[in-house]
Amino acid sequence: MALKVKKDLAPELKKLLRQMEKQRVYVGIPAETAGRGDENGKPSELNNAEIGYLMEHGVPEKNVPARPFLEPGVRKQQARITAVLKAGAVKQFKEFASGKTPDLSATLSKVGQIGRDSVISTINAGVSPPLSPNTIKNRFRQRETKSRRKGEKNYLDLISSGTSPAEAEQQTGIKPLMNTLGLLKSITFVIRNGKR
């Protein structure tokens with residue numbers, strides 16, 4: 001019995017593979033949506049993407065330690081992301097084999113959501129090192145408010161009674177990277193075509 005090829009799909013398969021290879025999911029703070037300002041619309045000196053970079057890597061010359069949240073947040077879900085991508089690729093090849101036009105966007109969106117949610121969860125869990133008492137003392141200025149929050153006042157009372165910054169943060173619920181919530185709310189994902 002001889003094998004008879006009805007249609008050679010190799011060129012279309014190569015094209016599909018090239019398209020899949022070019023698609024990228026980026027989790028973070030896209031520059032085009034990173035804007036930040038006060039309630040009067042006055043733009044902030046730094047946007048959320050810049051603040052995120054500075055927090056991720058630190059600014060030693062300004063005594064700001066690195067508080068990595070983005071890369072560790074995505075890395076925590078690497079196995080799950082890989083599984084979703086593998087399942088998505090299998091689905092695309094099955095669609096291709098049955099004559100349908102494959103669409104990887106649902107799989108890539110799921111990957112982006114997993115990454116985004118993990119980064120947000122990392123921040124919500126608290127990123128070390130703890131904030132310094134001076135940072136807590138001046139947080140209200142960053143928010144451009146007239147007074148400290150109750151938790152900040154309690155934190156400073158705990159510090160003055162000899163409690164460590166880490167313990168004071170834990171007791172009061174204060175967390176790094178969550179003063180105005182602007183950074184947290186700006187974390188998202190985008191799907192783009194790009195080169196490998």
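Predicted model: local features only at pLDDT ≥ 70, side-chain atom pairs only at ≥ 80, totals over all residues.
Two packed helices are described by the angle between their axes and the distance between the axes. Helix H1 covers residues 10-22 and packs against H4. The angle between the two is about 150°, and their axes lie 12 Å apart. Because angles over 145 degrees count as roughly antiparallel, H1 and H4 are described in that way. Their crossing is right-handed. On the H1 side, the contact is made by Glu 12, Leu 13, Leu 16, Leu 17 and Met 20. On the H4 side, Ala 89, Gln 92, Phe 93 and Phe 96 take part. By class, this contact of H1 with H4 holds seven nonpolar residues, one polar and one charged.

H4 also packs against H5. The axes of H4 and H5 come within 9 Å and cross at roughly 175°. H4 is therefore roughly antiparallel to H5. Arg 80, Ile 81, Val 84, Leu 85, Gly 88 and Gln 92 form the H4 side of the contact. Thr 107, Leu 108, Lys 110, Val 111 and Ile 114 form the H5 side. The contact of H4 with H5 divides into six nonpolar, three polar and two charged residues. Gln 92 of H4 is named in the contact with H5 and in the contact with H1.

A further pair is formed by helix H6 (residues 133-143) and helix H7 (residues 150-160). Their packing angle is about 160°, with the axes 9 Å apart. H6 and H7 are therefore roughly antiparallel to each other. H6 passes H7 in a left-handed crossing. From H6, the residues in contact are Pro 133, Ile 136, Lys 137, Arg 139 and Arg 143. They meet Glu 152, Tyr 155, Leu 156 and Ile 159 of H7. Five nonpolar and four charged residues make up this contact of H6 with H7, with no polar residues.

Pockets were examined next. Rolling a probe the size of a water molecule over the atoms shows where empty space is left. The largest pocket has a volume of about 1,300 Å³. Its lining consists of 38 residues. Arg 36, Leu 46, Ile 51, Gln 142 and Asn 179 lie nearest the centre of this pocket. Helix H2 (48-57), H6 and helix H9 (182-186) are the elements that give two or more residues to the lining. H6 supplies the largest share, with six residues. By class, the lining of the largest pocket has 15 nonpolar, twelve polar and eleven charged residues.

The second largest pocket holds about 330 Å³ of space. It is lined by 19 residues, and Arg 24, Val 25, Tyr 26, Val 27 and Val 190 are the closest to its centre. Two or more lining residues come from each of strand S1 (23-28), helix H4 (78-97), helix H5 (105-125) and strand S2 (188-193). S1 gives the most to this lining, with six residues. The lining of the second largest pocket has 13 nonpolar, four polar and two charged residues. H4 and H5, which contribute to this lining, are also the pair whose axes come within 9 Å.

Two backbone features stand in loops. Most residues other than glycine have a negative phi, and most peptide bonds are trans. The peptide bond from Ser 128 to Pro 129, however, is cis, with omega near 5°. Pro 129 lies in the loop between H5 and H6. Leu 177 is not a glycine, yet its phi is positive, at about 70°. Leu 177 is placed in the loop between helix H8 (165-172) and H9.

Notes: Residues numbered from 1 in each chain as written. Heavy atoms only, no water. Axes fitted to C-alpha atoms, helices over the stretch in contact; angles between N-to-C directions. Helix = DSSP H or I, 4+ residues; strand = E, 2+ residues; numbered from the N terminus. Parallel < 35°, antiparallel > 145°, perpendicular 65-115°, else oblique. Left-handed = near helix turned anticlockwise from the far one by under 90°. Contact = heavy atoms within 4.5 Å. Nonpolar A, V, L, I, M, F, W, Y, C, P; charged D, E, K, R; others polar. 1 Å grid on protein atoms, 1.4 Å probe; cavity = no way out; pocket = protein on both sides within 12 Å on 5 of 7 lines; lining within 4 Å. Points joined across faces, edges and corners; volume = space filled by probe spheres on them.
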